[in-house]
Amino acid sequence: MGEPRLLPGNEACALGAIAAGCRFYAGYPITPSSEIAETMAEFLPDVGGIFVQMEDEIASLAACLGAALGGMQAMTATSGPGFSLMQEHIGFAAMAEIPCVIVDVMRGGPSTGLPTSPSQADVQQARWGTHGDHPIIVLAPASVREVYDLTLRAFAYAERFRTPVILLYDAVIGHLRERVELPDAVERVRRPRPHPGPYRPYAAPDGEVAPLAAFGDGWRFHVTGLAHDERGFPTQDPAVVAALQQRLQQKIEDHGDEVTQCEQVLMEDAEVAVVAFGIAARAAREAVRTARREGVRAGLLRPITLWPFPEEAVRAAAGRVRRLVVAEMNLGQMLHEVERAARGQVEITACLRADGEPVEPEEIMAPLAVPSWR
Amino acid sequence: MAVAADVRRYLRPEMMPHILCPGCGHGIVLQALLRAIGGLDLDPDRVAVVAGIGCSSRLAGYVDFCTLHATHGRAPAFATGLKLARPDLTVIVITGDGDGLAIGGNHLIHAARRNMGMLCLLFNNAIYGMTGGQVAPTTPQGSRATTAPWGNVEPPFDACRLMIAAGASFVARGLAYEPLTLEQLCVEGLRHQGFAFIEVLTDCPEFFGRYNRLGRGPEMLLAQKRNTAAVGPLLARKAILGGPPAQPGPALSTGVLHREARPEFAQVLRAHRKGTSA
């Protein structure tokens, strides 16, 4: 481990990206994410990387995808309004299966909203913001150290599944300085190269994801956002299109156990549990502690992976506890998923806040401490 | 002809038949580009073609290079990332007038401003062809389109003037009517260090020609000859910077309209390190 240091979340994200092997960053300034760009601008050139500030967020992700096709690991970061603009190319990356990492440091919305205030209102946009059915992985860190660790994982997943991966946290996590000890060395994420010979960039040998060749390395192939066959050539053949859709969906769903993580705190004997992620989960942890002190057997379910959503963990908890409290800083976006996963097995109370202030432990404490079943 | 055989080796037969309409000039333009690539003997493994959305952008799929059929208007931004990651590649952007000058105008001017090392070929047929003939930012005032049934009321862009103003270090205008001259322009554009822009006037007989009673392909190509004048760089510069709008009005200049030596951006960025300046 390295020396302990005081680090804000956004800087930890940039350092994690560089440690993972990210050597290309394209972005556009936006609060509260700009420190990621600033850190990348400062340190990327030292490791032979490329930083470029583009004309907008659409171009930023486009440049990342171009660089990724050139063989580099690429990242961009933004906040709500920019995330909206990036949806076009999140869809392209999903369809053309180009690995990339997108950081969304959430702020209050809709529209320009609350540029300097935290929010968790992009839960559903991260999943469904771009048109069409598409695969996506969304990771939601709750501390500075976890920002670093999940950035590493984001690059690993992006390469392994050839997919866009979204790192979703909020202005508090982004700007919060915490004492962290970063590892001296981490294993860099490597992109597998195709075997020499005929190359089918969109085939799925043995259900695995085909390696992505880099432009310029001797494999000539076509990349398009149109529905395509295994060679990458456009097609409207219903059978080929159906197989493509199915494969895109399955390549991540089939590895749900590996990708979807959910922290469980004091859940063994819990009779009431909070479901919360990111900064709200920190307030929830405090609320659970207080509830325990007051004799309420409370627990916490914290989705670390928001998408694919930890349905199994929520469903299992719904079968055991008497009440679930969903705490989030929006008007109920994760609530829908919890309700869907719980399938009516349990009473669900929402603790929602969307006014630009972080949710407080006391707010979560209130529904925990109302033992209607007693 | 030996030259024609040369060009066929760059095509993907498995992608045929192509989508272009009879009489469309795009194939002539593509052949000129491929002849230029052949003439320069570029290694196909190290040529990347990046295109947007539209009839001309579909050409990326037909050529056996590293090809990226990107999103509408965004090809210059994709190509910027690719060129920065792989400065060793010859990057060619294929775009149309709607793709490059309407939805993608922002990316085009910024690629020009940075002087990104790429050849950008803008196929200007003055209309949206793929979607059925809607008015474009290049449609001449008064011309008809499905969304301008009583004639276009908006003034058009002059793509070359725009690119010179934005900072492109090589700007030329060519014609589908003059494929040999166009080939030479492509050779010069491919050799150029920095952002090379060639606006190619091509024809859309299916929509623009039909709606405006301009005849079929041959008649539309002949009209290119009537309405343009090849000029030397100096005259063109004067005409472009000081002259009246290109359409309607006097003959449109063709040939190399602007050329300057300016550092290419991928090289600038690679050389740029902490405490140094380009």
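First, conventions. Residues are numbered from 1 along each chain as its sequence is written, and chains are lettered from A, with ligands numbered from 1, in the order in which they are written. Since the model is predicted, local features need pLDDT of at least 70 and side-chain atom pairs count only at pLDDT 80 or more, while totals for chains, interfaces and linings use all residues.

Start with chain A. It is divided into domain 1, residues 1–259, and domain 2, residues 263–368; these bounds come from an automatic or database domain assignment. The C-alpha centres of the two domains lie 28 Å apart. Their contact takes 26 residues from domain 1 and 21 residues from domain 2, where two residues are in contact if their C-beta atoms, placed from the backbone, lie within 7 Å.

On the domain 1 side, the elements giving two or more residues include β6 (114–118), β7 (137–139), β8 (164–170) and α8 (238–253) of chain A. Helices (H or I, at least four residues) and strands (E, at least two) are DSSP runs, numbered from the N terminus. The largest share, four residues, comes from α5(A). By class, the domain 1 side has 17 nonpolar, six polar and three charged residues. Here Ala, Val, Leu, Ile, Met, Phe, Trp, Tyr, Cys and Pro count as nonpolar, Asp, Glu, Lys and Arg as charged, and the others, Gly among them, as polar.

Now β8(A) itself. Seven of its seven residues are buried, meaning that 20 or more other C-beta atoms lie within 10 Å of the residue's own; exposed is 12 or fewer, partly exposed is in between, and C-beta atoms are placed from the backbone. In a regular strand the side chains alternate between the two faces of the sheet. In β8(A), A:P164, A:I166, A:L168 and A:D170 point one way, A:V165, A:L167 and A:Y169 the other way, and all are buried.

Which strands run parallel to β8(A)? One is β5 (residues 100–108) of chain A, joined to β8(A) by seven bridges; strands count as paired if DSSP finds at least two bridges between them. In that pair A:C100 stands opposite A:P164. Another is β7(A), joined to β8(A) by three bridges, with A:L139 opposite A:L167.

Two helices of chain A next. Helix α6, residues 144–161, has 18 residues and should span 26 Å at 1.5 Å a residue; its end C-alpha atoms are 26 Å apart, so the two agree. The expected span is 1.5 Å times one less than the number of residues. Of the 18 residues in α6(A), 15 are buried. A:R162 follows α6(A) with a positive phi, near 50°. In α3(A), 13 of 13 residues are buried. Just after α3(A), A:G71 has a positive phi of about 105°.

β10(A) pairs in the parallel sense with strand β2 (residues 66–69) of chain B over three bridges, and A:T224 has B:H69 as its bridge partner.

Last, a helix pair in chain B. The axes of α3 (residues 75–85) and α5 (residues 105–114) of chain B come within 7 Å and cross at roughly 40°. Axes are lines fitted to C-alpha atoms, for helices over the stretch in contact, and angles run from 0 to 180 degrees between N-to-C directions. B:P76, B:A77 and B:T80 in α3(B) meet B:H107, B:L108 and B:A111 in α5(B). The residues of that contact divide into four nonpolar, two polar and no charged.
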